[in-house]
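User: I would like the terms used for this structure set against their cut-offs. Please start with the ligand shells.

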Amino acid sequence: MFTATLITLSLLSLTIPSSSSDHQPQSTTDVCIIGSGIAGSSLAHFLRKYSPTTAQIRMFERHPVVGGRMATVTIAGETFEAGASILHPKNYHALNFTHMLNLKVKGPSASESSFSLGIWDGQKFLFKTIDSNSKNQIVQYFISLANSLRMLFRYGVSLLKMNTFVEVTVDNFLKYYESEESRPIFSNVEDMLKWADLYNLTTHTLEEELVGLKFSPLLIQELITVITRINYGQSVRISGLAGAVSLAGSGGDLWSVEGGNWQMAAGLINQSDVTLHLQEEISSITNVGGFYELKSTNGNSYACQITVVATPLDELTTQFTPEISIPERKLQHTYATFVRGLLNPAYFGLNSVSDLPELLGTIESSELQFTCISVLKEHNANDFTYKLFSRQSLTDALLDQIFSIRNETIRINWGAYPHYQAPEEFAPFMLDDRHLYYVNAFENAASTMETSAVAAENMARLILSRLAGQQPLGSYGLKSSTSDSNLQHPEL
Ligand SMILES: Cc1cc2nc3c(=O)[nH]c(=O)nc-3n(C[C@H](O)[C@H](O)[C@H](O)COP(=O)(O)OP(=O)(O)OC[C@H]3O[C@@H](n4cnc5c(N)ncnc54)[C@H](O)[C@@H]3O)c2cc1C
Ligand SMILES: *[C@@H]1O[C@H](CO)[C@@H](O)[C@H](O)[C@H]1NC(C)=O
Ligand SMILES: *[C@@H]1O[C@H](CO)[C@@H](O)[C@H](O)[C@H]1NC(C)=O
Ligand SMILES: *[C@@H]1O[C@H](CO)[C@@H](O)[C@H](O)[C@H]1NC(C)=O
Ligand SMILES: *[C@@H]1O[C@H](CO)[C@@H](O)[C@H](O)[C@H]1NC(C)=O
């Protein structure tokens with residue numbers, strides 16, 4: 001049976017016209033990756049790392065740039081993160097990529113680490129930290145102490161339990177960095193989560209989890225809701241795991257890559273000897289007798305032994321033959337609006353712009369048309385750059401109420417992350433019993449740059465182990481040399 005497959009493979013590699021844009025007939029590409037975000041780029045990296053003999057890797061990206069949801073926006077002549085912005089100090093793959101690629105870690109600036117926070121309910125501020133414009137460190141220290149005490153006074157001692165809840169989850173997650181000898185290869189998301197004791201958190205909502213831990217209702221409705229709305233655009237009814245991850249993204253020592261997080265993807269692709277096809281969208285994936293024919297909207301067609309989908313399938317129009325079946329999932333859309341101008345303090349019942357917090361969070365309320373507003377940069381007292389998140393597009397009419405000056409406005413509509421639920425349902429890593437894979441099945445656990453890299457690392461090992469276990473494909477390096485010999489005889 002395996003021999004028969006091998007023959008079919010060889011025949012197909014000779015008869016399928018691959019890329020019609022390339023001026024030579026081709027044999028199969030070993031691995032085709034759809035998507036150039038952190039998932040696709042780290043998959044290419046780990047495939048090369050674990051199997052240096054992997055032959056050709058092709059990557060398809062429908063946009064003119066790599067990075068996907070890691071992207072920058074330029075406003076007021078400066079660039080800012082438009083999508084994924086912050087990394088946790090224990091995001092070790094991202095940290096290693098950054099070092100390996102000679103990129104620079106950018107820590108929070110002094111103003112970002114002691115920023116002022118206000119919680120807005122649509123009518124009034126429910127909570128507001130005291131702001132200081134003092135540059136005196138001692139003054140700053142006492143003000144931040146006073147702010148902590150005021151927060152403790154409002155939310156009670158369960159505020160202190162937040163850290164513990166996050167730390168337990170982060171520590172469990174660290175198991176994914178254990179050495180390959182002690183860490184199994186996971187063939188589905190459920191097993192991967194169970195092994196790190198994270199699965200149970202996906203069976204309850206964050207709210208249920210925190211009520212169970214006796215968190216104060218006010219803390220859940222206000223501060224924690226502010227955080228889940230900022231990080232996932234959703235309420236505390238997201239899963240406990242997505243909730244813990246979003247709380248971890250609200251702590252201190254967060255970092256980003258100077259000049260843009262997308263450079264991690266660009267660098268990994270550059271170092272992994274990838275044939276990159278920019279502005280080429282894959283429109284269909286067909287299993288033709290054991291391997292895959294990928295067609296693109298540019299009219300090209302490629303034969304791939306292994307095909308990996310490294311993008312969410314939820315809004316994708318790609319045709320699969322035979323059809324695949326995955327649980328239905330909605331993406332949460334987040335509208336990122338960048339404004340250069342000045343907020344209107346009167347809209348928030350205040351007299352002066354300087355009374356407005358640098359981070360304005362919100363609670364769940366049907367009256368609210370935005371989820372948060374943050375200061376990205378203060379150019380001068382009357383000239384700021386802000387970032388707003390919302391679930392719907394913000395109209396000019398609304399923006400004209402919120403802002404007294406608006407010189408530049410940029411809107412981005414992100415299919416941002418899964419709309420989380422509990423109990424969570426997971427799509428498979430393996431979309432068929434051959435070599436069609438789906439990295440972003442892991443996004444239902446939590447969607448971050450690091451979780452994408454962790455899922456991609458496991459996926460690289462899963463692919464290589466399955467190749468090793470299946471005879472003709474097992475001689476991975478050998479197969480590629482077969483392809484090469486086909487290449488040398490194009491007229492056959
Ligand atoms: C506003 C926002 C804020 C966020 N904040 C953070 C944060 O602070 N920290 C954090 O860690 N994470 C954050 N995230 C989440 C993070 O961006 C994602 O989890 C992560 O970037 C996903 O990477 P990925 O490679 O899996 O997918 P993507 O980055 O989405 O990559 C998929 C790529 O595939 C391409 N593609 C899709 N279909 C096709 C096709 N048919 N053919 C060819 N190419 C195709 C897409 O164009 C895209 O480039 C945020 C996300 C958003 C939107
Ligand atoms: C990061 O790099 C260090 C040094 O090379 C290595 O010891 C560590 O295992 C790496 N971590 C991960 C998660 O790969
Ligand atoms: C997860 O839940 C199951 C069933 O309720 C329980 O048996 C198991 O001990 C729990 N695991 C962890 C790590 O809490
Ligand atoms: C790609 O990598 C090479 C070294 O391997 C480096 O010289 C070059 O600048 C890199 N290009 C990009 C775009 O990162
Ligand atoms: C913004 O626009 C106003 C007029 O609406 C103008 O007076 C001001 O100089 C502009 N500021 C910047 C920084 O462009």
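User: Why is ligand 1 said to lie between domain 1 and domain 2?

Analyst: Domain 1 (2-68 + 259-329 + 424-487) and domain 2 (108-134 + 331-418) both give residues to the shell around ligand 1, so ligand 1 lies between them. The domain bounds come from an automatic or database domain assignment. The model is predicted: local features need pLDDT of at least 70 and side-chain atom pairs pLDDT 80 or more, while totals for chains, interfaces and linings use all residues. Residues are numbered from 1 along each chain as its sequence is written, with chains lettered from A and ligands numbered from 1 in the order in which they are written.

User: What makes a residue part of the shell around ligand 4, and which residues surround it?

Analyst: A residue is near a molecule if its C-beta atom, placed from the backbone, lies within 6 Å of it. Ala266, Gly267, Asn270 and Gln271 surround ligand 4.

User: How do the residues around ligand 4 divide by class?

Analyst: One is nonpolar, three are polar and none is charged. Ala counts as nonpolar, and Gly is among the polar residues.

User: Which residues come nearest to ligand 1?

Analyst: Of the 36 residues around ligand 1, these are Gly35, Gly37, Gly68, Arg69 and Ala84.

User: What makes strand 6 and strand 15 a pair?

Analyst: Pairing requires that DSSP finds at least two bridges between two strands (E runs of at least two residues). Strand 6 (residues 117-120) and strand 15 (residues 359-362) have four bridges, in the parallel sense. Leu117 stands opposite Leu359 there.
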